[in-house]
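Hi,

Here is the model I promised to pass on.

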Amino acid sequence: MSTASTTPPILIGKRPGGPELHLLPGMANRHGLVAGATGTGKTVTLQLLAESFSRIGVPVFAADVKGDLAGISQAGGGNPKVEARAQELGLAPLAYAAAPVTLWDVDGTLGQPVRTTVSEMGPLLLGRLLDLNETQTGVLTLVFKVADDEGLLLLDLKDLRAMLEDVASRAKELTTSYGRVSTASVGAIQRGLLQLEEQGADRLFGEPALDVQDLMRVADGRGVVNLLAAEKLYRSPRVYATFLLWLLSELFEQLPEVGDHKPKLVFFFDEAHLLFADAPDALRDKIEQVVRLIRSKGVGVWFVTQSPTDLPDVVLGQLGNRVQHALRAFTPRDQKAVKAAAETFRTNPGLDVKQTIVELGVGEALLSFLDAKGMPSPVERALVCPPSSRVGAITADERTRVVQASPLRGKYEHAVDRESAYERLRERAQRATDDEATASRGSGAGTRRTRDADAPAPRPRSSGSSQRQSVGEAMMKSAARSASTVLAREGSKLGAKLGAKLVRGILGSLFGGK
Ligand SMILES: Nc1ncnc2c1ncn2[C@@H]1O[C@H](COP(=O)(O)OP(=O)(O)O)[C@@H](O)[C@H]1O
Ligand SMILES: [Mg+2]
């Protein structure tokens with residue numbers, strides 16, 4: 001039974017005297033685009049979409065690049081522009097309301113911490129994060145493979161660093177079974193890691209890692225809006241884009257197939273041009289694939305960017321729902337973008353799209369949504385409805401209150417540093433030293449050491465005695481996650497050649513087999 005027919009359409013915009021333009025919830029996983037120059041109304045449109053999805057029980061994820069989306073957590077009111085728009089569209093008085101919001105932040109200051117592990121990110125996205133070339137990514141993949149074969153967990157950057165040193169020190173020995181370990185490449189990876197740490201991105205990695213199910217919560221029938229505070233993250237555009245891409249691929253890997261119902265999650269990718277800026281062709285292909293296939297998992301991806309030409313044609317072709325705000329047409333390049341944007345719409349004989357795009361006012365847009373048959377409706381000019389949550393930022397106090405009210409509070413706050421590659425390699429080195437010492441003393445018999453009594457009890461890193469989730473509990477979950485990662489990898493090992501073994505899923509196979 002399709003929910004598409006039972007969930008009412010979402011009003012997005014209209015013109016005084018014009019038709020009402022609706023987005024069909026059952027078509028929201030056919031992806032979307034919100035485009036327009038700076039200051040034309042993209043963020044407010046995103047906010048309207050997000051709160052509307054929330055209202056019909058669809059959870060949302062969005063990065064809050066400028067901090068101006070957080071107002072969605074508060075009821076609106078007292079905004080003259082919003083009131084004027086409500087009047088104009090006959091929607092006054094607006095039923096002001098807040099959406100249920102969970103705030104996330106990589107460094108845990110503006111929201112609950114969000115992390116992943118090195119192994120979950122995988123060598124290919126990590127290679128992108130470190131700005132590695134293909135050869136260097138190949139070596140990184142090899143390092144992952146050695147870690148995998150030797151049962152060493154790569155959780156945080158410390159693990160990866162230790163693993164790199166270990167591989168470099170055994171380069172000769174490993175080359176026979178794994179292929180050439182170029183020390184120059186190892187050096188490049190190490191430099192990349194250093195840079196990443198300088199950007200503060202080391203905080204991205206560790207445990208407890210984000211469980212994507214926590215982004216898919218529905219509270220009292222309303223979808224939870226997950227906002228990632230991205231102001232700082234965005235200063236390292238590559239880290240920002242790769243992290244969101246990881247999240248998207250993680251959703252793709254973990255969610256089951258579903259039919260064309262209203263989406264399970266809508267993912268807004270703000271500043272989407274960064275995803276594709278100087279991305280290698282192979283990566284573009286994979287992104288295009290993820291976007292195409294994630295639809296069947298019930299995830300709608302909405303790209304938010306200045307011009308549709310920021311996105312590759314294959315991706316653009318998958319975005320069924322369109323909100324095009326005003327574009328400038330000063331330079332020949334601008335004009336080309338306007339023309340290209342106009343050509344992406346199903347024409348409307350009553351509307352000169354190219355002309356209209358440059359005339360649109362703030363909060364005004366060209367709209368086209370998929371109809372019940374999945375066909376794009378003819379493009380219409382309309383005023384975008386005002387959101388009923390607050391337009392703009394929130395105060396520090398309001399932020400604290402939202403964070404404190406989160407049902408997930410306590411789950412991610414305390415980093416846990418269980419035994420992984422770093423600790424194991426340190427022990428291994430220690431044993432080697434001990435062995436040497438013993439050997440030079442000339443008596444190997446009756447050693448006190450318990451050889452390979454592996455896996456001592458894990459220790460929490462932070463003192464945090466007030467943890468709600470016990471360390472043991474977190475550990476169990478982490479172990480389960482890692483195990484499933486390994487299993488997923490095992491699955492993909494079948495018939496795979498060296499180098500392709502580690503890859504899990506679509507993004508993983510990027511440079512596999514080369
Ligand atoms: N649909 C709308 N209804 C009312 N006001 C709007 C609407 N869209 C935009 N505005 C006004 O225009 C301002 C700029 O819009 P914004 O979405 O932040 O632009 P962009 O994200 O494209 O830079 C908003 O702060 C708001 O005051
Ligand atoms: Mg904006």
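Below is what came out of going through it.

First, the ground rules. This is a predicted model, so local features need pLDDT of at least 70 and side-chain atom pairs count only at pLDDT 80 or more, while totals for chains, interfaces and linings use all residues. Residues are numbered from 1 along each chain as its sequence is written, and chains are lettered from A and ligands numbered from 1 in the order in which they are written.

**Overall**

The protein chain has 17 helices and 16 strands; these are DSSP runs numbered from the N terminus, with helices being H or I of at least four residues and strands E of at least two. Of its 514 residues, 48% are buried. Buried means 20 or more other C-beta atoms within 10 Å of the residue's own, exposed means 12 or fewer, and partly exposed is in between, with C-beta atoms placed from the backbone. Counting contacts between residues at least 6 apart in sequence, 77% join residues at least 24 apart; a contact here is two C-beta atoms, placed from the backbone, within 7 Å.

**The sheet**

An open sheet of 12 strands runs in the order β2-β1-β14-β13-β12-β3-β11-β10-β4-β9-β5-β6, with mixed pairing. Two strands pair if DSSP finds at least two bridges between them. At the edges are β2 (21-23) and β6 (112-113), each pairing on one side only. β6 runs parallel to β5 (residues 101-105), joined by 2 bridges, and Asp 105 sits opposite Pro 113 there.

Strand β3 is covered on both faces: Gly 32 and Val 34 on one side, Leu 33 and Ala 35 on the other, are all buried. It is parallel to β11 over 4 bridges and also to β12 (residues 321-324) over 4 bridges. Val 34 has Val 304 as its bridge partner in β11 and stands opposite Val 323 in β12.

Helix α8 (residues 237-254) lies across β4 (60-64), β10 (265-270) and β11 (299-305), at about 160° to β10. That angle is between N-to-C directions on a scale from 0 to 180 degrees, with axes fitted to C-alpha atoms, for helices over the stretch in contact.

**Ligand 1**

Which residues are closest to ligand 1? Of the 17 that surround it, they are Gly 41, Lys 42, Thr 43, Val 44 and Gly 363; the shell takes residues whose C-beta atom, placed from the backbone, lies within 6 Å. The elements giving two or more residues to it are α1 (42-55) and α2 (80-88).

In α3, 12 of the 12 residues are buried, and just after the helix Asp 131 takes a positive phi of about 60°.

**Two loop residues**

Leu 24, in the loop between β2 and β3, counts as buried because it has 21 C-beta neighbours inside 10 Å. Glu 231, in the loop between β9 (225-229) and α8, has 13 such neighbours and therefore counts as partly exposed. Glu 231 and Lys 66 are 165 residues apart in sequence but 5.6 Å apart in space, C-alpha to C-alpha.

Cheers
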